[in-house]
Amino acid sequence: MESVSKLAILVFVIFSYFVVTSGVIYDIINEPPSIGSSYDEKGNQKPAAILVGRVNGQYIMEGLAAAFMFILGGAGLIALENCNDASISKTRRVSLIAFGFSSVLIAFFATRMFMSIKIPGYTS
Amino acid sequence: MKESVGLGKNSQLGLTTLLTFAILALAWFVGFASRLFAIVRFESIIHEFDPWFNYRATHHMVQNGFYNFLNWFDERAWYPLGRIVGGTVYPGLMVTSGLIHWILDGLNFHVHIREICVFLAPTFSGLTAIATYFLTKELWSPGAGLFAACFIAITPGYTSRSVAGSYDNEGIAIFALQFTYFLWVKSLKTGSVTWAALCALSYFYMVSAWGGYVFIINLIPLHALALIIMGRYSSRLFVSYTTFYCLATILSMQIPFVGFQPVRTSEHMPAFGIFGLLQIVAAMHYARTRITRQQFLTLFVGGLTVVGGLAVVVYFALVWGGYVAPFSGRFYSLWDTGYAKIHIPIIASVSEHQPTTWVSFFFDLHITAAVFPVGLWYCIKKVNDERVFIILYAVSAVYFAGVMVRLMLTLTPAVCVLSGIAFSYTYEKYLKDDEKVPGSTGSTKSGEPRTYDKPGKSKPSSSESDDQVSVNVKTFVSVLLLIFLLMFVVHATYVTSNAYSHPSVVLQTASGNGDRLIMDDFREAYHWLRENTADEARVMSWWDYGYQIAGMANRTTLVDNNTWNNSHIALVGKAMSSNESAAYEIMRALDVDYILVIFGGVIGYSGDDINKFLWMVRIAQGEHPKDIREENYFTESGEYSVGAQASEIMLNCLMYKMSYYRFAETRVGYNQPAGFDRTRGYVIGKKDVTLDYIEEAYTTENWLVRIYKLKDLPNRPQIKPADLTVPFRGKRVAKGKNKKGILLQNESVKGKKAEAV
């Protein structure tokens with residue numbers, strides 16, 4: 001019973017963390033569009049996922065994607081920790097490692113990519 | 001390590017202590033050094049707005065003594081109201097720097113108080129790191145503590161408020177916050193009155209330093225409540241909480257600004273309620289051993305219902321009767337996120353009160369934003385009394401950080417603690433058998449010893465089953481995490497250097513060939529005011545610049561960043577958004593001599609008064625809805641613009657006129673038309689601006705600051721004696737019976753009679 005309710009707490013915490021980091025409160029107050037648009041050099045309108053240049057502004061989808069990446073990175077780390085358990089089978093271990101490793105890497109590089117689109121000078 | 005095993009436990013302990021000490025010292029040094037970008041680039045200068053007031057107050061205290069400071073009535077602010085500074089300020093910051101100054105003076109190190117103010121926040125960042133180490137050590141392990149200390153030393157979320165020159169309450173308050181939490185956890189673990197009393201003392205320091213103390217006085221009761229509900233009540237909790245609450249309440253009431261708030265406002269009532277609840281629970285526990293189960297249940301349910309109901313009734317009665325103040329607007333704005341926008345525009349107008357976007361989370365926390373839930377999960381998985389505290393802290397702080405950008409600051413310590421736990425735990429798993437395979441540590445050891453060395457040692461390896469991940473994978477994961485840690489350092493340095501190290505009093509841009517261009521317009525203008533205006537001259541500006549005018553120009557201001565009087569601010573906002581003649585009346589009534597506006601149209605500075613202007617209109621509308629309407633300042637299509645489509649009211653308001661007076665005479669670029677505004681990116685709507693009631697007094701080099709002087713009232717039209725054609729029609733007093741000098745009864749003087757007699 002204990003572990004189930006703990007898992008429930010985890011899901012609740014992760015979900016609320018996802019909601020807050022995605023900037024939902026900002027979305028509610030400022031009501032930005034879900035996706036923006038920009039014009040290319042020919043004058044054609046094309047969708048833009050990320051609001052460039054403004055640190056204190058965002059599109060809804062952009063925030064959700066970034067928050068998802070935060071959660072993915074965290075989940076990857078938990079998976080990496082769990083795969084060290086002695087009790088689980090080998091295939092499970094390998095798949096956990098693969099999942100943990102890839103999701104940590106994806107999360108890290110994806111958020112960095114978002115950031116360098118958002119702030120063109122961001123190089124680190 | 002290997003030799004130390006042979007030498008016995010003593011040298012193992014010595015090595016651990018030495019490592020801990022060295023790592024904490026390094027964290028302090030790195031944290032201090034990384035906050036000095038602004039000083040290296042510019043000079044030892046106080047930043048931004050609020051720090052200028054803090055500096056001015058500290059200076060006043062050092063010169064006049066502490067008691068004169070507490071009694072200081074500042075007649076040069078909020079003209080004509082004035083401000084009782086001693087009673088409206090958290091004096092902890094000033095006292096801290098004053099104390100350091102006094103000690104240094106006693107040692108014959110004569111340092112100007114400004115230098116102490118500038119370097120105070122970086123110095124305290126090291127103390128924060130140490131407090132975080134102790135807190136995390138109590139919560140998890142010493143290794144996690146060292147991780148957390150290193151994180152908080154450089155994490156941008158905390159650096160943003162504690163760079164050198166940012167002389168503000170938060171700089172010392174985060175230390176007090178962490179230290180109070182550490183002492184609380186310690187007192188809860190030991191159940192000792194001593195630790196609880198120390199916790200109350202630390203809380204007292206926090207109260208004297210920052211208004212954020214309300215967070216502590218609500219979080220600790222929440223922790224106590226959670227423990228009671230989870231069935232984790234213990235006599236340790238009873239002893240520590242009751243000691244803490246009684247002492248903390250009495251101590252916090254010693255701060256003049258706080259006064260009777262701890263017993264009279266709703267924000268402090270939960271703490272009192274939990275205090276009462278704890279007494280009941282303790283009585284129940286006492287009774288349970290002495291009466292039967294049936295009696296106990298009756299007593300428990302009946303007693304709790306009656307007392308709870310009574311408490312709620314009494315609370316509402318007290319609120320209704322005015323003995324207890326209801327929750328303040330700032331408090332509501334934390335829960336109902338739209339509240340501030342509708343009811344208190346002055347709170348919503350501050351940029352750091354805006355809701356947070358994902359960028360802020362990434363910018364301020366970087367990898368720790370993703371690692372933080374992991375640490376939280378470990379704490380939930382292996383929960384105990386004190387870990388409940390960090391869980392509650394983290395969850396509440398995440399919510400508050402989402403509501404206001406500014407409250408990222410309270411989230412950051414929790415994130416650092418939990419990330420430290422997560423990293424420590426993961427590294428414990430992955431470096432555990434380092435004695436079996438020395439190669440795996442050798443490759444990572446050279447990378448960053450201070451961040452990872454500890455956790456491996458904190459738990460001496462115990463041989464577990466070999467059915468684990470292979471050594472190669474372990475090494476790989478360890479190196480990967482290490483790379484992330486290095487990226488965190490790079491990111492933290494980048495953000496600190498580029499985003500958080502601007503004094504905002506001095507602006508810096510890069511010229512075409514990469515040289516640095518320093519724009520010192522603000523200080524140029526304030527210096528002009530200081531040198532060229534009368535000492536008692538009153539300067540009107542939007543409230544953002546009040547502290548700077550008082551601090552640098554030493555002139556009387558009407559409104560400043562201590563936004564305590566909304567209607568006064570609204571009056572200034574009304575003057576700025578009215579047309580010239582209406583504004584002149586307001587300004588005459590307020591005895592204004594000079595008006596100062598910030599104008600960025602020439603150099604493309606976006607934080608100028610035209611961009612803030614809508615907030616002035618909104619705040620003015622809140623108080624004077626008949627005279628100022630926000631929609632009058634929009635174009636017909638409902639946009640905010642000063643271009644060709646701008647409304648007539650917009651183009652004739654005082655702010656527009658002062659910003660764009662003579663602007664069309666200059667050109668911002670070779671191929672730009674006259675009147676092209678660089679910040680807005682279009683040509684302004686009305687180029688021939690004429691001023692009737694004010695005159696330009698001074699404009700700085702880059703037009704960033706423009707100062708206007710109020711003209712005197714025009715003289716009454718003079719009539720030359722020759723033009724005096726009005727015939728004399730007075731009734732001559734007849735000589736005779738009437739005595740000289742007595743007027744005959746006349747209709748026209750009847751009204752004055754009462755006065756004359």
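In this predicted model, B:Ile598 finds its bridge partner in β11(B), at B:Val705. The two strands involved are β7 (residues 594-598) and β11 (residues 705-710) of chain B, and five bridges pair them in the antiparallel sense. Both belong to an open sheet of five strands in chain B, ordered β6-β5-β7-β11-β10, in which the pairing is mixed. At its edges lie β6 (556-557) and β10 (694-699) of chain B, each of which pairs on one side only. Helix α30 (residues 580-589) of chain B packs on this sheet, where it touches β5 (538-540), β7, β10 and β11 of chain B. The direction of α30 makes about 75° with that of β11(B).

Another antiparallel pairing in chain B links strand β3 (residues 507-510) to strand β4 (residues 516-519) through four bridges. Here B:Thr509 has B:Leu517 of β4(B) as its bridge partner. The two strands form a hairpin with five residues between them, and in the turn B:Gly514 has a positive phi of about 90°.

Setting aside neighbours within four places in sequence, the contacts of B:Tyr241 include B:Trp184, B:Ile220, B:Pro221 and B:Phe275. B:Tyr241 also belongs to one aromatic cluster with B:Trp184, B:Tyr203, B:Tyr213, B:Phe244, B:Tyr245, B:Phe272 and B:Phe275.

Over all chains, a search of the whole structure finds 52 aromatic pairs. The pair of B:Phe179 and B:Phe182 counts as tilted, because the ring planes stand at 40°, with the centres 5.8 Å apart. Both residues lie in helix α10 (residues 169-190) of chain B, three residues apart, or about one turn of the helix.

B:Arg290 lies over the face of B:Tyr286, at 4.1 Å from the ring centre. In a further case, B:Arg538 lies over the face of B:Tyr79, at 4.8 Å from the ring centre.

Note on methods
Residues are numbered from 1 along each chain as its sequence is written. Chains are lettered from A and ligands numbered from 1 in the order in which they are written. This is a predicted model: local features need pLDDT of at least 70, side-chain atom pairs count only at pLDDT 80 or more; totals for chains, interfaces and linings use all residues. Side-chain values use heavy atoms; hydrogens and water are left out. Two strands pair if DSSP finds at least two bridges between them. Rings of Phe, Tyr and Trp (its six-membered ring) pair if their centres lie within 6.5 Å; planes under 30 degrees apart count as stacked, over 60 as edge-to-face and the rest as tilted. A charge sits over a ring if NZ of Lys or CZ of Arg is within 6 Å of the ring centre and within 35 degrees of the ring normal. Contact means heavy atoms within 4.5 Å. Axes are lines fitted to C-alpha atoms, for helices over the stretch in contact, and angles run from 0 to 180 degrees between N-to-C directions.
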